[in-house]
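User: Hi, could you help me read this structure? I am new to this and would like to go slowly.

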Amino acid sequence: MKNFPSSISRMIDAFASLPGIGEKTATRLVFHLVRSPENLARELGEAATSLKKDLRLCACCRNIATSEQCEICEDAERDASQICVVEEALDVLAFEKAGAWKGSYHVLHGVLNPLEGIGPESLTIVDLLRRVERGGVAEIILAMNPSVEGEATASYITKQLQPFQIKITRIARGLPTGSELSYADEVTLAAAMKGRRDF
Ligand SMILES: [Zn+2]
């Protein structure tokens, strides 16, 4: 953006690159920061830095973790033989909040989207296949969002899993097409998991 000091336009560009924030909102946020006491800007900067410094992806399920493995993978009470495959770490949070799942997860960090250049290698599908290869997995539950990309991703994963001859299920369609799993209410999520069917 022209006419602003570069420190302002740099911050506007940073905010505007976030999902759901357009240039107008980004500009408003930045000018709010300019007007605010200095500690707000400092806190924002420090929080953003520690976010990347303190967090990593779980070595097993690729969920967000603070150590080698996430809390769920480290929990001996969870059934590691059942893996619920989700698009985002936010979906794990939704299932956990709903208390709808006692197995483990695998976080893909996106869905296949050839138009946007997102192929299988951009996701964590290889890590999932490695987990299955290691053995001890009885069921894979595909819990992608009900979208075209979600369906394509589910089909692709199913094909890749074919040689392993394990049970593959898909969560029930209580979710309206195009809706996002992480926004579904707890009852819907629990019902979708309970009513899962062979894929
Ligand atoms: Zn994990």
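Analyst: Let us begin with a term: pLDDT is the predictor's confidence in each residue, on a scale from 0 to 100. This is a predicted model, and the mean pLDDT of the chain is 91, with 95% of its residues reaching 70 or more.

User: Where is the confidence lowest, and where is it highest?

Analyst: Confidence is lowest in helix 8, residues 186–194, where the mean is 82, and it is highest in strand 4, residues 103–107, where the value is 98.

User: OK, zooming out, how is the chain divided?

Analyst: There is a domain 1, covering 6–54, and a domain 2, covering 75–198, and their C-alpha centres lie 33 Å apart. The chain has eight helices and seven strands, and along its principal axes the C-alpha trace spans about 60 × 35 × 35 Å.

User: Back to helix 8, then. Which of its residues are buried?

Analyst: In helix 8, the buried residues are L189, A192 and M193. They sit on the same side of helix 8, because they cover an arc of only 95° around the axis.

User: What does that buried side pack against, and what is on the face turned away from it?

Analyst: The buried residues of helix 8 pack against helix 5, which runs over 89–98, while the face turned away from the buried side carries V187 and K194, both exposed.

User: What about the largest nonpolar core, which residues touch the most other members?

Analyst: That core has 39 residues, and those touching the most other members are C84, V85, V86, Y105, I141, L142 and A143. Several elements each supply at least two residues of this core, among them strand 3, strand 4, helix 7 and helix 8. As a general point, nonpolar side chains tend to be buried together in soluble globular proteins.

User: Could you pick L142 and say what it is in contact with, leaving aside neighbours within four places in sequence?

Analyst: With those neighbours set aside, L142 is in contact with V85, A154, I157, I168, R170 and F199.

User: Is Q165 buried or exposed?

Analyst: Q165 is exposed, because 7 other C-beta atoms lie within 10 Å and a residue counts as exposed at 12 or fewer. H109, in the loop between strand 4 and helix 6, also has a positive phi, of about 60°, but H109 is partly exposed, with 16 other C-beta atoms within 10 Å.

Key
Residues are numbered from 1 along each chain as its sequence is written. This is a predicted model: local features need pLDDT of at least 70, side-chain atom pairs count only at pLDDT 80 or more; totals for chains, interfaces and linings use all residues. Domain bounds come from an automatic or database domain assignment. Helices (H or I, at least four residues) and strands (E, at least two) are DSSP runs, numbered from the N terminus. A residue is buried if 20 or more other C-beta atoms lie within 10 Å of its own, exposed if 12 or fewer, and partly exposed in between; C-beta atoms are placed from the backbone. The arc is that of the directions from the helix axis to the C-beta atoms. Two residues are in contact if their C-beta atoms, placed from the backbone, lie within 7 Å. A nonpolar core is a set of buried Ala, Val, Leu, Ile, Met, Phe, Trp, Tyr and Cys residues joined through C-beta atoms within 7 Å.
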